[in-house]
Amino acid sequence: MRAIVHEKKSGLEGLNYREIEEPNMEDYQVKVSIKYVGLNRRDLAVTTRHDPKDGPLIIGSDASGVIQEVGTKVQKWNVGDEVIIHPGTGWDENSDAPPEGFQITGFPDHGTFSDYMVVNENDLSKKPKHLSLEEASVLALAGLTAYRALFTRGSLKAEDTVMLPGIGSGVLTFMLKYAKSVGSRVVVTSRHQHKLEQAKELGADIAIATESDWNEELKNENVDLLIESVGKATFNKSLGIIRKGGTIVTFGATTEDIVEIDIRKFFYGQFNLLGSTMGSNEELAEMISFIETHNIKPELDRTYDASNFQDAINYFKDSDQFGKIAIKM
Ligand SMILES: NC(=O)c1ccc[n+]([C@@H]2O[C@H](COP(=O)([O-])OP(=O)(O)OC[C@H]3O[C@@H](n4cnc5c(N)ncnc54)[C@H](OP(=O)(O)O)[C@@H]3O)[C@@H](O)[C@H]2O)c1
C-alpha cells in the first residue's frame, strides 16, 4: 500500500509518499480502506517529535473509509460499512481530563495517512449520513476539539456572546457553526478580509480584523466566552476583551506557547481560564449526534491528491486556508 511516512530527516523534509508494507490484522480488529484523510496542525508538529531513528512513521489523525475486512471476533462492523477513524484512543467516558494511556492517533503509533489502516473495533464510528466521505475525513479531531472546548468546558449558552480570534482555523470554523446552531452571538477576528467575509456568510454577527483595537471595535459588546487558540499573538488582547467574570478556554497556541499575563488585572476581573484538549469517545458520539441534528457540515477549504501532499502541507503551514484541508488517498 502507499502511505505518507515520516522518516530519515527531522521536520517536514522527512515526509515521503511511498510504498510500505500493509499492516497485519488480529481477530478483534477491522481493516479500513482509507478514502480521504484530514490535515491537522499536529501532523506537521509530529515531524519534529518523531525521531527518524525509530523507523518510518505513518502520520495522520483523521480519516474516512470503507471497511474492507473484519476479524472473526468483531461484532459491530460489516464489510462495506462507511466509517471515520477515531483521532484518539483510551478516553472513553467524559472526565475532567484524559486518563492515563490516552493517545492521539498518528504518534507514537502509525496514523491514518495510508491506503489501509487496521484498528480495534471500538476505534471507529459510522460516517454521519449527511456527510460525504470527503467531508467526514476532516470531522473528527477538529469537530471533537471544538465540541468539548465550546460546550463541555466553555458551557456555551444561547444567550452568550462568544468570541473566536483567528477564524480561519479548522477548529474555530466548527465552533462558529455550533455556536450559531444553539443561537449564541458570535464575534470573530481574522488577519484576512476574505476570511472575515466567509465567516459572515456562515453567520458570524461581528467580524473584525485581528490587528484592530478590539476594545474600540467591540465597545458595545459583552464577551462572555472567548476561545483562544492563536497563543502569544492574541492572548493578552483576548484577556483584555472578555467581560468581568468571563471565561477564556484555550486549546492551542499556533503562535508561541509562553505568554506573560498581568495577574492583578486577572484576579480583579474575576476571570476564568480553562484548558481543553480533544475529547472523549462519549463526547465524539455527542458531537456526531449534534451535527446530524443541526445538519452541520465541516468547512472544507480544498482537497489535494495524495501525490501532491507537499502542496497541501505548504498551503496549511502558512494558515492560508479557511477551515479544513482533505487529502484523497
Ligand atoms: N488541544 C487540542 O486538542 C487541539 C486540537 C486541534 C488543534 N489544536 C491546536 O489549536 C490551534 C488551532 O488549530 P487549527 O488546526 O484549527 O489551526 P489552523 O487551521 O492552522 O488555524 C490557525 C489560525 O490561527 C490564526 N493565526 C495563525 N497565525 C497567526 C498570527 N501570527 N496572528 C494571529 N492569528 C494567527 C489564523 O487565523 P486567520 O488566518 O483567520 O487570521 C489561522 O487560521 C493549533 O495551534 C493546533 O495545534 C489543539
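This tour goes from the ligand out to one lysine on a nearby helix.

**Before you start.** The model is predicted: local features need pLDDT of at least 70, side-chain atom pairs count only at pLDDT 80 or more, and totals for chains, interfaces and linings use all residues. Residues are numbered from 1 along each chain as its sequence is written, and side-chain values use heavy atoms, with hydrogens and water left out.

**Select the ligand.** Around the ligand are 27 residues, each with a heavy atom within 4 Å of it. The closest are Arg41, Ser169, Ser190, Lys195 and Gln321.

Start with Gln321: a polar side-chain atom lies 2.6 Å from a ligand oxygen. Next, pick Thr254, where a side-chain N or O atom is 2.9 Å from an oxygen atom of the ligand. Then go to Gly166, with a polar backbone atom 3.4 Å from a ligand oxygen. The ligand taken alone exposes 910 Å², and the protein buries 87% of that (Shrake-Rupley method, 1.4 Å probe).

**Colour the helices.** α3 (140-153) and α4 are the elements that give two or more residues to the shell around the ligand. Helices are DSSP runs of H or I, at least four residues, numbered from the N terminus.

**Select Lys177.** Lys177 is found in α4, residues 170-181. Buried or exposed? Lys177 counts as buried because its relative accessibility is 16%; buried means under 20% relative accessible area, with a 1.4 Å probe and protein chains only.

**Finish at Glu299.** Its side chain and that of Lys177 are joined by a polar contact of 2.8 Å (a pair of N or O atoms within 3.5 Å, one able to donate a hydrogen and the other to accept it).

How values were computed. Buried means under 20% relative accessible area, exposed over 50%, partly exposed in between (1.4 Å probe, protein chains only).
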